[in-house]
Amino acid sequence: MSEHDETRETDAHSGTETTGHEWDGIKELDTPLPRWWLYIFYASIVWSVIYMVFMPAWPALPGLAGETDHTRGLRNHSERANVAEALDELAEMRASGFAALEGASIDEIESNPELLGFVRAAGEAVFGDRCATCHGVGAQGFVGYPNLNDDIWIWGGSYDEIRHTLQVGIRSEHPDTRFSQMPAFGRDELLSRSEIADVSDYVLSLSGVSADAGAVGRGQAIYDVQCASCHMDDGRGDRAQGAPNLTDQNWLYGGSREQIIATIHRGPYGVMPAWEDRLDDATIDALAAYVFLLGGGEDATARPTGQ
Amino acid sequence: MSNPTPKSMAAPGITRSKAEAVNAADTRELYKKREPIYPKLAHGKFRFVKWVIMALALGVYYLVPFLRWDRGPGAPDQAVLVDFAHGRFYFFFIEIWPQEIYYVTGLLIMAALGLFLASALFGRVWCGYACPQTVWTDLFIMVERMFEGDRNARMKLDRAPWSLNKAWRKTGKHAVWLVIAFATGGAWILYFHDAWDTLANFFTGTAAPSSYVFAGVLTFTTYTLAGTMREQVCTYMCPWPRIQAAMTDRDALNVTYRIDRGEPRGAHKKNDSWDNRGDCIDCKQCVAVCPMGIDIRDGAQLECIQCALCIDACDDIMGKVGRPTGLITYETDDNIDRFVKGETPRYPFIRPRTMVYAVSLAIVTALMLGALVTRTHLELNSQRDRNPNYVRLSDGGVRNGYTVNVINKANAPRVMDLAVEGDPAIGVRILGAPDLMPGQIEIGPDRSQDYVVYLTLPDDAIDGPREEITFVVTDQETGETARSPSVLITGAE
């Protein structure tokens, strides 16, 4: 291509001209490129034109290319349409799993590896979207938000009870919501500061924590009048009223003396939304089974505490 | 061809060509158009070896997909099958799962080391004999020769104006090339689905879309690379000519022109004296047969794939002029220098480079064989839940959750005991184990199954922040076991 340049050096070994560049004694041979490399380059240009005709390529003035701001190409390609299609496909793939879940008992779910795998995958996804904000990604809970992995249930831990709680919520706006209210004994001046402290000592003693005997005695007298109607005489709670068991090792609002005093003072009012109108039945089934199978689910006949 | 003119006094049967090395150093130009190369058919022992290797290589490639291997019901019976749809690779008695891809890695390492060793000993034997590019190009040149004749006839045909004769020869050649190319792409896809089914489905239009794509792509590449590009692939596209410089050395056998014997070269007339001249009569038969279009007498060059056809061509001539064969031969660079100095040649096949390659190859081969022989049909992996790290129960006990993965590589369902070794107070609960005795699981043939396992440690058994435990799965029939160590976090101080 280029005319022979008399001033250019020719490499003695290969007989090829050098480019004239030199780096620390290393010179570059001006070796010919094969012609077909150029042909591939031309083919790439042709391909780019074909691509522009068939695929989105050019920005366009509004109105010139329909509702988009670019040319759509002859294929009318759209990643958004692809995503919508993929989501439809996904729903179709999941439909058989949800169908199998309908009407299945928790024992059937637990003993069927395929259904179990489906519930754990589908339930985990919904839980992550809807529940993890309060209960944590691993359902481990926070102060005021129950840990769903353990065997402690305020409103009941059977598959049906968990599903019902999901449907109607707790202290939600649902007409049939699970509802109860603990008085704010301190804020509403139902009990004095020293009385609340005494009750706290008594409640701690129910869980086996040693406290001043005099305070426990005074606290028990107050407890029997103020608290036993919901938390029961023995302190084991009542699930019908959502009254937690006070004798176990678990404290929803914290188990230190100060935290218990604060809880009695203000009267907690924890709220969980009702999901009946926001999730379909199949999804609530999957979610209930997922929570049940986190390890703490109870047989429908079991009455371990508080009943 | 063997038509000596009166002017030539060469010995009977000697052939001369006006061959020019199209890629000779002196004629290289910038932005070069591909010069067609018309390799002449060589006759001799290396050509014979190449025919045999071509037949073997093509035979293996085209026939292996049709070999059958009984693996029992439910499993494919194709001896060699890469089953992407089900994530399995079958090779006769070997079945490899995706997580065992290291077997393939090992195989590639062995292939690389084998290539290094062969290169250190014999130069580019892979390029010259076994590389698919060489084999298919050889096949395509054979077809070309069938339609258009040997070198001189082909050159004449290309120079001739278009005629019916030229048209049918060219059309026939390209048609057969396309058939071979299609058969090449078509055989490729037989390795990925059942061969007989794919064959039937392919022509009824019901095979997998990928089958058509790959058959099409490989038809195109075979046709262009072996038919129209040939030596361009080796020279410009393949990295091996560059890499080989690091793989060979002065002691490696290479196809070499014996400069000590051949020079000074020149035409030789019958009854002329051989004194004060070399054995090379400059007949250029070595150039005429060369599929790469080079002159081997220029010395080692990256274009040379060392197919040894020039050895056959030269030996033929040497026999006819009554000189010893081996003017072009497998020889080491070091020995050529020794010949020039009048020393005796030496062949140090055992030297540090070859020993390192050979020992590495032996070690990798032994490791891979060991892994293959001790491969079990049962695997166990466990993953402890980390969120929550542990769960405190109402009675003060603590529970950890685990995902336990059991892999049954046998082609039969198995009932197994899944147990936990460690503190005997630990309670075990397995989700997803249907209707069996406690602690028993059943897993289908050739399957990987996850189980959710909850371990509970009672309050009075907690005596530290963690307990060492081991999951153990035991086949009830064969007694085969697999183990997976883990821990149970108690949350205690």
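This is a predicted model: local features need pLDDT of at least 70, side-chain atom pairs count only at pLDDT 80 or more; totals for chains, interfaces and linings use all residues.
**Domains of chain A**

Chain A consists of two domains: domain 1 covers residues 97-181 + 276-307, and domain 2 covers residues 182-268. The centres of domain 1 of chain A and domain 2 of chain A, taken over C-alpha atoms, are 28 Å apart. Where these domains meet, 14 residues of domain 1 of chain A are in contact with 15 residues of domain 2 of chain A. The side of domain 1 of chain A that touches domain 2 of chain A is made up of five nonpolar, seven polar and two charged residues.

**Overall form of chain B**

Chain B contains 15 helices and 14 strands. The globule rule gives 23 Å for 493 residues, but the radius of gyration of chain B is 33 Å, well over that value, so chain B is more spread out than a compact globule. Along its principal axes, the C-alpha trace of chain B spans about 115 × 60 × 45 Å. Of the 493 residues of chain B, 30% count as buried. Among contacts in chain B between residues at least 6 apart in sequence, 70% join residues at least 24 apart.

**Nonpolar cores**

In soluble globular proteins, nonpolar side chains tend to be buried together. The largest nonpolar core in this model has 51 residues. The members that touch the most other members are Val119(A), Ala288(A), Ala289(A), Tyr290(A), Val291(A), Phe292(A) and Tyr451(B). Helix α11 of chain A, residues 281-292, supplies the largest share of this core, namely seven residues. Another core, of 40 residues, lies apart from it and includes Cys127(B), Ala181(B), Ile317(B) and Ile328(B).

Ala288(A) also illustrates contacts between residues separated in sequence. Not counting residues up to four places away in sequence, Ala288(A) touches Tyr159(A), Ile162(A), Arg163(A) and Leu166(A).

**Contacts between the chains**

In the contact between the two chains, 27 residues of chain B are in contact with 30 residues of chain A. The table lists elements of chain B that each supply at least two residues of the side that touches chain A.

| Element of chain B | Residues |
|---|---|
| α9 | 231-237 |
| β7 | 391-392 |
| β8 | 398-408 |
| β12 | 447-457 |

The largest share of this side, three residues, comes from β12(B). By class, the side of chain B that touches chain A has 10 nonpolar, seven polar and 10 charged residues.

Terms used
Residues are numbered from 1 along each chain as its sequence is written. Chains are lettered from A and ligands numbered from 1 in the order in which they are written. Domain bounds come from an automatic or database domain assignment. Two residues are in contact if their C-beta atoms, placed from the backbone, lie within 7 Å. Ala, Val, Leu, Ile, Met, Phe, Trp, Tyr, Cys and Pro count as nonpolar, Asp, Glu, Lys and Arg as charged, and the others, Gly among them, as polar. Helices (H or I, at least four residues) and strands (E, at least two) are DSSP runs, numbered from the N terminus. The radius of gyration is taken over C-alpha atoms; the globule rule is 2.2 Å times the number of residues to the power 0.38. A residue is buried if 20 or more other C-beta atoms lie within 10 Å of its own, exposed if 12 or fewer, and partly exposed in between; C-beta atoms are placed from the backbone. A nonpolar core is a set of buried Ala, Val, Leu, Ile, Met, Phe, Trp, Tyr and Cys residues joined through C-beta atoms within 7 Å.
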